[in-house]
Protein chains: 2
Amino acid sequence: MSPGEALPPERELSVTHEVSRMTARKALSVLEGEGLIFRDATRGTFVAKPRLTLRVGSFSKEVERGGGRAGAEVIWTREQPAGQAAAQAFGCDERDPVHVIQRLRRWDDEPVAVETTYYPANLLPGFLDDELHGSLWDRLAEYGITLSTTTATVEVVTLDAEIGPLLQARQGAPGLHMTRQTYDVTGRCIEYAQDVYRADRVALTIDRPLHDRVGDS
Amino acid sequence: MSPGEALPPERELSVTHEVSRMTARKALSVLEGEGLIFRDATRGTFVAKPRLTLRVGSFSKEVERGGGRAGAEVIWTREQPAGQAAAQAFGCDERDPVHVIQRLRRWDDEPVAVETTYYPANLLPGFLDDELHGSLWDRLAEYGITLSTTTATVEVVTLDAEIGPLLQARQGAPGLHMTRQTYDVTGRCIEYAQDVYRADRVALTIDRPLHDRVGDS
DNA sequence: CAGTGGTCTAGACCACAAT
DNA sequence: TTGTGGTCTAGACCACTGT
């Protein structure tokens, strides 16, 4: 079947396959989790488009498959105390101020990720007052910051009542949670980020030189 | 609650919270997907240990959290025609022979991943005849191969009837599927691998230098 | 209004393990 | 035998949408 094509209604599937509707729904939920189909509460169930493949760090120019238009929409910005997680990343005090930016990342108008990014406020005065729709790394360059390395941790989560609606996914849908820290050439942590991707719509890809630690698969 | 502690039975939860058992099960399934609890069909429901954190592309010496003992158990080995996916990775013909090794990776005796690895057979005569429990990359070094970079793609899958039992997970549990290609210093693809992790038990971490492509977050 | 998926109920039977 | 989770049933009501 082709993307966009409609599947039979759940009630019809349950009759034709001689199972209860709950059982038919469970089977469809597996396909939904795999990203093969999607459901619309009022219209029905449809074949999904293939997953997008994004590079780690989610860079707008670096989408592998699924051509289209990238976009980042600012949901909110805030200046606040760092708190425990960001303070640990930056090696600062929990009360030190940080800039926080939450953005919705789209591909072809389809929401694929919610990105919450933290920066030390003292390094970046006025950072929140200017353009935040484009590349934040380009903005950092304006402050004379040269980035060097990223470390990221990925795990599977369940989309909650806060993130799910932003991604137009139902609560309970599978998500990929990525925690990122980006360092500049002096080894200082400049960026701390928490990204949540729609796991049914996205695959992540990573290039990694093995440099001096070839070793022990 | 502490790891290993038992939760009340589903039937009891459904009474005390005044919901049907199916509804209680659904709530528990969210916690199970998050890796916070696990269920044993005959013993009950228990609080899980924290997830392990593994580094991408490497293993035994590189576990971040969750100290314990790593192990790799060979499930099977095989010499076969490359097939479409491996041929594309190696840039060879689909009929060229490859060595294939499937191993079960454990941490503290707990199965965390199934790893299926492909190597061009002509480069590695006798590769399957020797020790395969330890580091395969060390074995490659014996053939004079120096590895250089890895590229990996990660996506969320549902564990099927083949992989699920190997990981001692029930069918339908969430998994992380990683496709890896490792290249040597001449730019030749040496290793093609398909890994499946228990998503409820594992987080993946990646270090990545940004080198010459700082860009456009 | 009819039709969709989302949710929930109150049962039922199963396999399995411990007692 | 008892108790556990795993599965399934045959309904029900809801919110929402398009006609």
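Rings of Phe, Tyr and Trp (its six-membered ring) count as a pair if their centres lie within 6.5 Å. The legends below describe close-up views of a predicted model.

**Figure 1. Ring pairs link Tyr119(A), Phe127(A) and Tyr143(A) into a cluster.** Over all chains, a search of the whole structure finds 8 aromatic pairs. One of them is formed by Tyr119(A) and Phe127(A), with 4.9 Å centre to centre and 55 degrees between the planes, a tilted arrangement. Both Tyr119(A) and Phe127(A) are buried.

**Figure 2. An arginine lies over the face of Phe127(A), and the view is repeated for chain B.** In chain A, Arg139(A) is placed 4.7 Å from the ring centre of Phe127(A). Phe127(A) is also a member of the cluster with Tyr119(A) and Tyr143(A). In chain B, the charged end of Arg139(B) sits over the ring of Phe127(B), at 4.7 Å from the centre of that ring.

**Figure 3. Strand β6(A), residues 110–120, pairs with β5(A) and with β9(A).** Of the 11 residues of β6(A), 11 are buried, and the strand is mostly covered. β5(A), residues 97–107, runs antiparallel to β6(A) and is joined to it by 10 bridges. Within this pairing, Val100(A) has Tyr118(A) of β6(A) as its bridge partner. The pairing of β6(A) with β9(A), residues 189–198, is antiparallel as well and extends over 6 bridges. Here Val114(A) stands opposite Val196(A) of β9(A). In a regular strand the side chains alternate between the two faces of the sheet.

**Figure 4. β5(A) and β6(A) form a hairpin.** There are 2 residues between the two strands. Asp108(A) is located in the turn and has a positive phi of about 55 degrees.

Figure 5. Arg180(A) counts as buried because its relative accessibility is 1%, and the cut-off for buried is under 20%.

**Figure 6. The protein surface near DNA strand C includes residues of chain A and chain B.** Around DNA strand C there are 21 residues, of which Pro9(A), Arg21(A), Ala41(A), Ser20(B) and Thr23(B) come nearest. Of the atoms of DNA strand C that come within 4 Å of the protein, 56% belong to sugar and phosphate. At least two residues of this surface are supplied by each of α1 (10–16), α2 (21–33), β1 (37–40) and β2 (44–47) of chain A, and by α2 (21–33) of chain B. With 4 residues, α2(B) gives the most. By class, the surface near DNA strand C has 5 nonpolar, 6 polar and 10 charged residues.

**Figure 7. Contacts with DNA strand C involve a phosphate oxygen, a base oxygen and a sugar or linking oxygen.** The phosphate oxygen is 2.8 Å from a polar side-chain atom of Arg25(A). The base oxygen is 2.8 Å from a polar backbone atom of Ala41(A). From chain B, an N or O atom in the side chain of Thr42(B) is 3.3 Å from the sugar or linking oxygen.

**Figure 8. The protein surface near DNA strand D includes residues of chain A and chain B.** Among the 21 residues that surround DNA strand D, the closest are Ser20(A), Thr23(A), Pro9(B), Arg25(B) and Ala41(B). Sugar and phosphate make up 57% of the atoms of DNA strand D that come within 4 Å of the protein. α2 of chain A supplies at least two residues of this surface, as does each of α1 (10–16), α2, β1 (37–40) and β2 (44–47) of chain B. The largest share, 4 residues, is that of α2(A). The surface near DNA strand D consists of 5 nonpolar, 6 polar and 10 charged residues.

**Figure 9. Backbone atoms of Ser20(A), Glu10(B) and Ala41(B) meet oxygens of DNA strand D.** A polar backbone atom of Ser20(A) is 2.7 Å from a phosphate oxygen of DNA strand D. For Glu10(B), the distance from a polar backbone atom to a phosphate oxygen is 3.0 Å. A base oxygen of DNA strand D is 2.7 Å from a backbone N or O atom of Ala41(B).

How values were computed
Residues numbered from 1 in each chain as written. Chains lettered and ligands numbered in written order. Predicted model: local features only at pLDDT ≥ 70, side-chain atom pairs only at ≥ 80, totals over all residues. Heavy atoms only, no water. Near = heavy atom within 4 Å. Polar contact = N/O pair within 3.5 Å; in protein donor to acceptor, adjacent residues only side chain to side chain. Nonpolar A, V, L, I, M, F, W, Y, C, P; charged D, E, K, R; others polar. Buried < 20%, exposed > 50% of the residue type's maximum accessible area, 1.4 Å probe, protein only. Pairing = 2+ DSSP bridges. Phe/Tyr/Trp six-rings, centres within 6.5 Å; stacked < 30°, edge-to-face > 60°. Lys NZ or Arg CZ within 6 Å of the ring centre and 35° of its normal.
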